[in-house]
Structures are given as structure tokens and as C-alpha cells.
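Dear colleague,

Please find the structure below, handed over for your use. A summary of what was found in it comes after.

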Amino acid sequence: MSPKSLLRNRASLTHKLAYAIRNPARITPYLRRTARDAWLRVKHPRHVDYYRAVMASDAARNPEAAVGSQSHERWLALGEMQFDYLTEHGLKPVHRMLDIGCGNLRAGWRFIDYLDTGNYYGIDISPDILISAKKTLTTYELQAKLPHLTLTHDLTLDFLPDGHFDVVHAHSVFSHSPIEVIDECLAHVGRILAPGGFFDFTFDRTEGAEHQVLREDFYYRTETLLRLARKHGLEARFMEDWEKRPHGQSKIRVNNVNNFDHVDHTA
Ligand SMILES: C[S@@+](CC[C@H](N)C(=O)[O-])C[C@H]1O[C@@H](n2cnc3c(N)ncnc32)[C@H](O)[C@@H]1O
């Protein structure tokens, strides 16, 4: 990411005007989205309800675009990028994985295919995108892998067992989340992590002022999120090796402190 883009404040009027001048064709769609989102925010004051409504509207048009991919090629590439990164970082078929905000299984289908039967657990706040996830599962003929796909309303993770997951993953989820949603997740994720397990999440990074756009996109400083994780007794580090991937977001990895035993479910 360029130093200039890390300092950009997309919520500022100057940025919006300059962007509009450079991209006149995007003005009308942006105004339409602004009006729709304003209406949805009035109807749904709680963030998760609001974002669920945004997903319902977006997924009705195009589920792949709803998870952020403007073409099927990009959808495939973004899934592959997530899969390659985790396998390079030691993900094995025997591991148990929780995919927070799994969307329509852009990466999920690859994890389901790779992991042993029943070892993939996807959760999402959007029933519409989970219906699309089931279609992806059918397209790739992965029924026999029996993944869990569950609708959730919060990130307390209270319905999941202690010390169960070797890898917890949230890709392009905190980039759509206000700080209280991230705080809730970090407060509870340590409980469900297996010994030696880790939680990777991506975020939209700024090195300037933290800001949000339409309450759809949230930009955080790395230090804010590292501090938040540490407040909940977790060890957290910025993943420098993710930066070289062609993805606009950054990544943080979180571990349970004093919880670094080797993961071996075969023992
Ligand atoms: C940009 S999409 C990414 C989907 C998937 N992780 C991927 O990379 O293809 C974000 C997803 O996170 C879900 N989401 C947003 N906020 C969430 C939350 N607080 N808890 C669970 N899922 C959430 C959305 O419904 C959406 O499916």
C-alpha cells in the first residue's frame, strides 16, 4: 500500500470532491448508495442489523459483488489468495477452522475441499449470503465434506466449544465493522482457540485519522487493533508478509498468550 493511500481520509469532503472529479461516472451510483444506506440506518440503528440489510440488498443483485468481487475471476483470485496464505502458514487437513463472515464461500469452498470432513465452520450475519454459500457448496460438489454454516447475530461465539479451533479467520469482515464489534470478537475468540491456534483478520489500514464511509467501510490504525487484542490478554502482531499480496487490506494475527503447544489432533 502506498504511503499516500495510508494517509487518505475517505470521509473528508476534499477527498470526496477530488474523487468525484476524477470519476464522474461514479457520482450517481454513489449518491444512490448514500441514500439507500441512510434509509437502512434509520430502519436498523444497530450496526449488525444495518449491515445485514446492506448485504441483503447487495446479494439480491450479485452475491459475488456483495462480498467485494466485481468479477468471477476476482472472486476466484481472492479466495485463492486466502487459501494459499493459510496453507503456507501451516494449515493442515486435520485442523479445525472457524471462518467468521464466511460470505458465499469465496475462500470457504477451497478450505472445505482441503480440510477433513466436518472441520470447516463458517458463520455470517447475512441469511442471504449463506443461501448463496450453499449454492457454492453445491457447485463444487462438496456436500460430503459436511461443513457447518451458521447464521449469527453477534460475535460472542457462545455457541462454540472451548479450545476447539486451530485457525480462526475473518477476511474483509473487520473492514466493515465498528470498533465495538471487533472488541466483542477479540473478547471471546481466545476461549475457542485450541492450544497453538491463531486468529487472522484483515482490516482497512490508515496511518492517518481513523474514519468510516457510510458505516460500510471502517479504517483503523494498526496500533488501535493491536492494543485492543492485548487488552483481552491476546498476543497480536502485524503480518508483514501479507502486505506483498495484491489486496488492499492488512492483516493481524492473534494468539492466546501462554498457549503455544503444538497442534496435533492425530495424537
Ligand atoms: C466482504 S465479505 C467477505 C466474505 C468472506 N470472508 C470472503 O472473503 O469472501 C464480508 C462478510 O462478512 C459478513 N459480516 C459482516 N459483519 C459481520 C459480523 N459482525 N459477524 C459475522 N459476519 C459478518 C458479511 O455478511 C459478509 O458476508
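Predicted model: local features only at pLDDT ≥ 70, side-chain atom pairs only at ≥ 80, totals over all residues.

Residues are numbered from 1 along each chain as its sequence is written, and side-chain values use heavy atoms, with hydrogens and water left out.

Salt bridges

A search of the whole structure finds 13 salt bridges (a side-chain nitrogen of Lys or Arg within 4 Å of a carboxyl oxygen of Asp or Glu). Five residues, Arg33, Arg36, Asp37, Asp58 and Glu216, are linked by such bridges in a network. Within this group, the side chains of Arg36 and Asp37 meet at 2.9 Å, N to O. Asp37 has 0% relative accessibility and therefore counts as buried (under 20% relative accessible area, with exposed meaning over 50% and partly exposed in between; 1.4 Å probe, protein chains only). Arg36 also counts as buried, because its relative accessibility is 16%.

Arg36 forms a salt bridge with Glu216 as well, the closest N and O atoms being 3.3 Å apart. Glu216 lies in the loop between strand S6 (211–213) and strand S7 (217–220), whereas Arg36 lies in helix H3, so the pair ties together parts that are 180 residues apart in sequence. Helices (H or I, at least four residues) and strands (E, at least two) are DSSP runs, numbered from the N terminus. Glu216 and Arg36 are both buried.

A further salt bridge joins Arg253 and Asp200, at 2.6 Å from N to O. This pair links distant parts of the chain, with Arg253 in strand S9 (residues 250–256) and Asp200 in strand S5 (residues 193–205), 53 residues apart. Arg253 and Asp200 are buried.

Aromatic rings

Arg253 also lies over the face of Phe198, at 3.8 Å from the ring centre. The charged end of Lys251 sits over the ring of Trp242, 4.1 Å from its centre. For such a case, NZ of Lys or CZ of Arg must be within 6 Å of the ring centre and within 35 degrees of the ring normal.

The structure holds ten aromatic pairs (rings of Phe, Tyr and Trp, the last by its six-membered ring, with centres within 6.5 Å; planes under 30 degrees apart count as stacked, over 60 as edge-to-face and the rest as tilted). The rings of Trp109 and Tyr140 form a stacked pair, because their centres are 3.7 Å apart and their planes are at 5°. Trp109 lies in helix H7 (residues 108–114) and Tyr140 in the loop between helix H8 (127–139) and strand S3 (148–151), so the pair ties together parts that are 31 residues apart in sequence. Trp109 counts as buried at 13% relative accessibility, whereas Tyr140 is partly exposed at 26%. Elsewhere, ring pairs link Phe174, Phe199, Phe201 and Phe203 into a cluster.

Thr150 lies in strand S3. Among the residues that Thr150 touches, not counting those up to four places away in sequence, are Tyr121, Leu130 and Phe159 (contact means heavy atoms within 4.5 Å). Thr150 and Ile125 are 25 residues apart in sequence and 8.6 Å apart in space, C-alpha to C-alpha.

Ile27 is found in helix H3 (residues 27–43) and counts as partly exposed, at 35% relative accessibility. Ile27, Tyr30 and Leu31 make a nonpolar surface patch of about 260 Å². Patches are made of residues with over 30% relative accessible area and no salt bridge; like charges are joined within 9 Å, and nonpolar side chains (Val, Leu, Ile, Met, Phe, Trp, Tyr) within 5 Å. Accessible areas come from the Shrake-Rupley method with a 1.4 Å probe, and for residues only the protein chains shown count as cover.

Yours sincerely
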